[in-house]
Amino acid sequence: MALNHTFRRVVALAGGVGGAKLAAGLAARLPHGALTIIGNTGDDFRHYGLHVSPDLDTVMYTLAGLAHPINGWGIADDTRRMLEMLARYGEDTWFGLGDLDLATNLLRTHWLAQGKPLSQITAHLCERLGVTARLLPMTDDSLATVVYTAEQGKLSFQEYFVRYRWQPTVTRLAYEGEETAQPAAGVLEALAQAEAIILCPSNPLLSIAPILAVRAIREALAARRVPCVAISPIIAGAALKGPTVKIMNELGLRADVAGVASYYDGLIDGFVVDEADREVALKQQTLITNIRMMTPTDRGRLAEDVLLWIGDLHQ
Ligand code: FO1
């Protein structure tokens with residue numbers, strides 16, 4: 001079905017795998033150049049001297065059709081020869097950085113060392129992979145998600161998420177650098193010119209919150225004059241992927257659709273929930289549809305449902 005209102009400028013905030021899938025669906029359904037994705041960099045970390053940007057790479061690889069079909073992160077059919085050699089030297093290879101993925105991280109680190117901003121590097125990598133949507137890091141500055149846990153104390157995001165498989169009990173989250181981090185070049189302009197803003201179904205606390213920790217981004221959303229909608233990362237009290245429900249419970253937040261909607265209170269005009277949550281009564285206008293994205297077709301269908309719905313909210 002044709003979109004009743006053809007959007008020319010849509011901005012999506014996205015984190016890891018779930019966000020990347022919807023971003024790919026939106027890119028498929030919108031005209032080339034219509035979609036700007038503001039990607040989370042709170043997961044970024046230094047690994048053997050390399051600057052790794054997991055969420056930017058997950059979005060980039062997914063939009064380029066290169067992403068590992070099961071994991072969602074990393075590159076399909078990538079090899080692990082570099083990791084095998086590290087292990088031969090006795091290293092603990094808990095972070096599974098593949099050989100093809102290594103090239104992305106070598107180049108990013110090399111160009112950062114030359115003084116190029118992350119936003120310019122990301123644009124170059126995306127352009128070389130044929131990604132037509134614009135992918136902007138939320139900031140070119142340092143803003144790191146830090147996880148305080150009962151069992152292991154203060155952990156970097158990747159230690160918490162990958163090394164300890166998000167099992168430690170989270171007592172507090174912090175976004176170090178939020179006082180000084182500025183939006184990356186193009187971010188505020190994209191938000192100011194947007195006809196619609198979408199918070200992708202990423203982990204609210206680990207993927208969207210770091211983007212909102214860039215104060216000027218949160219302020220731009222709060223002052224928006226166009227609809228902003230969020231897609232739930234939870235269905236019937238269960239996370240689609242990862243520790244969303246676990247963390248919300250551990251931090252004393254309501255870990256269901258209503259809990260996520262209230263977490264975004266003030267920043268969204270609409271909330272997209274799965275049919276399994278059709279009974280939920282929210283403050284925001286609610287779209288009820290199948291929000292599972294098991295196939296690329298699902299991604300485009302959900303994107304179209306959301307865009308059509310925003311078109312009505314638009315009017
Ligand atoms: N996630 C894992 O669960 N295990 C891994 O070994 C792993 C390696 C990895 C390598 C490069 C990269 O860009 C991402 C990688 N991820 C891995 C995903 C990443 O840790 C998370 O997906 C995000 O940071 C959270 O969205």
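**Strands, core and pocket**

Analyst: Happy to. Three bridges connect strand 9 (residues 196–199) with strand 10, and the two run parallel. Keep in mind that this is a predicted model.

User: Which residue of strand 10 is the bridge partner of I197?

Analyst: That's C228.

User: And how does strand 10 run relative to strand 13, parallel or antiparallel?

Analyst: Parallel, with three bridges joining strand 10 to strand 13 (residues 270–274). In that pairing, A230 stands opposite F271.

User: Which way do the residues of strand 10 point?

Analyst: C228 and A230 point one way from strand 10 (residues 228–231), while V229 and I231 point the other way, and all are buried. In general, side chains in a regular strand alternate between the two faces of the sheet.

User: Back to F271. What is it in contact with, apart from its neighbours within four places in sequence?

Analyst: Quite a list: A230, S232, V257, V260, A261, Y264, L282, Q284, Q285, T286, L287 and W309.

User: Which residues touch the most other members of the largest nonpolar core?

Analyst: L13, L199, L221 and F271, out of 49 residues in that core. Helix 8 (residues 204–212) gives the most to this core, contributing six residues. There is also a second, separate core of 45 residues, with L26, A34, A67 and V272 among them.

User: New topic: how much space lies in the second largest pocket?

Analyst: About 290 Å³. It has 19 lining residues, and the closest to the centre of this pocket are D44, H51, D141, S142 and L143.

User: How does the lining divide into nonpolar, polar and charged residues?

Analyst: Seven are nonpolar, seven polar and five charged.

User: Which element gives the most to that lining?

Analyst: Strand 6, with three residues. Strand 3 (45–47), strand 6 (144–149) and helix 6 (157–163) each supply at least two.

User: Is strand 6 mostly covered or mostly open?

Analyst: Mostly covered, as five of the six residues in strand 6 are buried.

User: What does strand 6 pair with?

Analyst: Strand 8 (residues 170–176) pairs with strand 6 in the antiparallel sense over six bridges, and T145 has Y175 as its bridge partner there. Strand 7 (residues 153–156) also runs antiparallel to strand 6, with four bridges, and Y148 has K154 as its partner in strand 7. Strands 6 and 7 form a hairpin with three residues between them.

Conventions:
Residues numbered from 1 in each chain as written. Predicted model: local features only at pLDDT ≥ 70, side-chain atom pairs only at ≥ 80, totals over all residues. Heavy atoms only, no water. 1 Å grid on protein atoms, 1.4 Å probe; cavity = no way out; pocket = protein on both sides within 12 Å on 5 of 7 lines; lining within 4 Å. Points joined across faces, edges and corners; volume = space filled by probe spheres on them. Nonpolar A, V, L, I, M, F, W, Y, C, P; charged D, E, K, R; others polar. Core = buried A, V, L, I, M, F, W, Y, C linked by side-chain atoms within 4.5 Å. Buried < 20%, exposed > 50% of the residue type's maximum accessible area, 1.4 Å probe, protein only. Contact = heavy atoms within 4.5 Å. Pairing = 2+ DSSP bridges.
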